[in-house]
Amino acid sequence: MERRRSFPETGTSFPAVRVVARGDGTTSGPFARLQNLARVRVVVGDPPRDWGTGRQEFLVNQQHMATDRLLDMVGRPGGPLADAALWHLEVIEAGALSPSFRRVVVTAPGIEGLQCAPGQDLMLRVPLAGDKVVNRRYTIRNFDAAERKVVVDVSLHGKGPGTDWISAAGTGDRIDAIGPRGKITLRSDADWHLFVGDETGMPGTLAMIEALPAGSTAIALLEVDGPADEQEPEASRADRLNLHWLDRSGRSVPGDPDPLLEAVAGVDLPTGVGHVYVAAEAGVVRGVTRTLTERGLQPDQISGKAYWRRGLPNAEHGEPTKES
Ligand SMILES: Cc1cc2nc3c(=O)[nH]c(=O)nc-3n(C[C@H](O)[C@H](O)[C@H](O)COP(=O)(O)OP(=O)(O)OC[C@H]3O[C@@H](n4cnc5c(N)ncnc54)[C@H](O)[C@@H]3O)c2cc1C
């Protein structure tokens, strides 16, 4: 069975994709089957002589790649990645931003066309051993279409494929990414905005604060390791902006819910109908949401997103694993 397959966002086209073996046999047509397989191996060049039937393998001329369900959903109308594209990023700057943070600036062919809103992120396809990848999501701290630059600020929390890649990234390094991703961005109908986050939520919080319309009222409760990791927004048109820093300074560890929960319980909320954006460790997001609900906020006033889970790596798609 022969098909052409093109990837408009990368300008790539595969002249001959040939299904050399059937998958689970429940579907017909190579691309329908592609979705049914957990993982599909795509092999370059001539098929090995010993390929038999029943192998879930595809032949693609010219290019060697491993694909997965997420990659196949990119740009597909009606799907979760309908508005996202695949970008071939190249690092153009990388360095320490503060004791716990590294800033990486990337560019890509066509990146000037990235349509992203403050608070959205890129899903980096971090290479693992062999041809495997694991996805790790990092918020777009700044996007400059004219300069063709995307900035991500990453908290170097310890060990993990994302942190390892970011820690070693240097000028000229390349990585693929899918984006923009993420649904949480500024609510234009809110009378006031409350941002609650740990260091992983800080880049998105700052990007959203910088995008607030003139006259806004905003409060941010941000937890970081210490004063040297505090970052101010580069500019803000908000009339009233209260930025509260919760420095651990050795008194607590990342993911400890107490500092943010106490801050949320005690913060003075402005009058009117506001919106709260929460980005932090999974248990902290849950606790903050509960505290806000107890304070009388309605569920549709709270946009919470778990960015990581204490003691467990994020799943392959880049988000925390569900609790068992
Ligand atoms: C939508 C979204 C946007 C995000 N934006 C940013 C961003 O802009 N900047 C940023 O730094 N992070 C951001 N994150 C969080 C980041 O993706 C996670 O921290 C991720 O777990 C890092 O991957 P890893 O491979 O380094 O570690 P993993 O393999 O996921 O985890 C390895 C170990 O490290 C622990 N761990 C993970 N993160 C932390 C942490 N922050 N502190 C302490 N321990 C940790 C885990 O519990 C696990 O034990 C975002 C996450 C999401 C979902």
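**Exercise 1.** Which of the 30 residues around the ligand come nearest?

*Solution.* The model is predicted: local features need pLDDT of at least 70, side-chain atom pairs count only at pLDDT 80 or more, and totals for chains, interfaces and linings use all residues. Residues are numbered from 1 along each chain as its sequence is written.

Step 1. A residue is near a molecule if its C-beta atom, placed from the backbone, lies within 6 Å of it.

Step 2. His 157, Gly 160, Gly 162, Thr 163 and Pro 313 come nearest of the 30.

**Exercise 2.** Describe the shell around the ligand.

*Solution.* Step 1. At least two shell residues come from each of strand 9 (133-139), strand 11 (149-155), helix 3 (161-168) and strand 17 (302-308). Helices (H or I, at least four residues) and strands (E, at least two) are DSSP runs, numbered from the N terminus.

Step 2. Sort the shell by residue type: ten are nonpolar, twelve polar and eight charged. Here Asp, Glu, Lys and Arg count as charged, Ala, Val, Leu, Ile, Met, Phe, Trp, Tyr, Cys and Pro as nonpolar, and the others, Gly among them, as polar.

Step 3. The ligand lies between domain 2 (85-181) and domain 3 (193-308), because both give residues to its shell. These bounds come from an automatic or database domain assignment.

**Exercise 3.** Is Pro 80 buried or exposed?

*Solution.* Step 1. Locate Pro 80: the loop between helix 2 (69-73) and strand 6 (85-98) holds this residue.

Step 2. Count other C-beta atoms, placed from the backbone, within 10 Å of its own: 20 or more means buried, 12 or fewer exposed, and in between partly exposed.

Step 3. Pro 80 has 12 such neighbours, so it counts as exposed.
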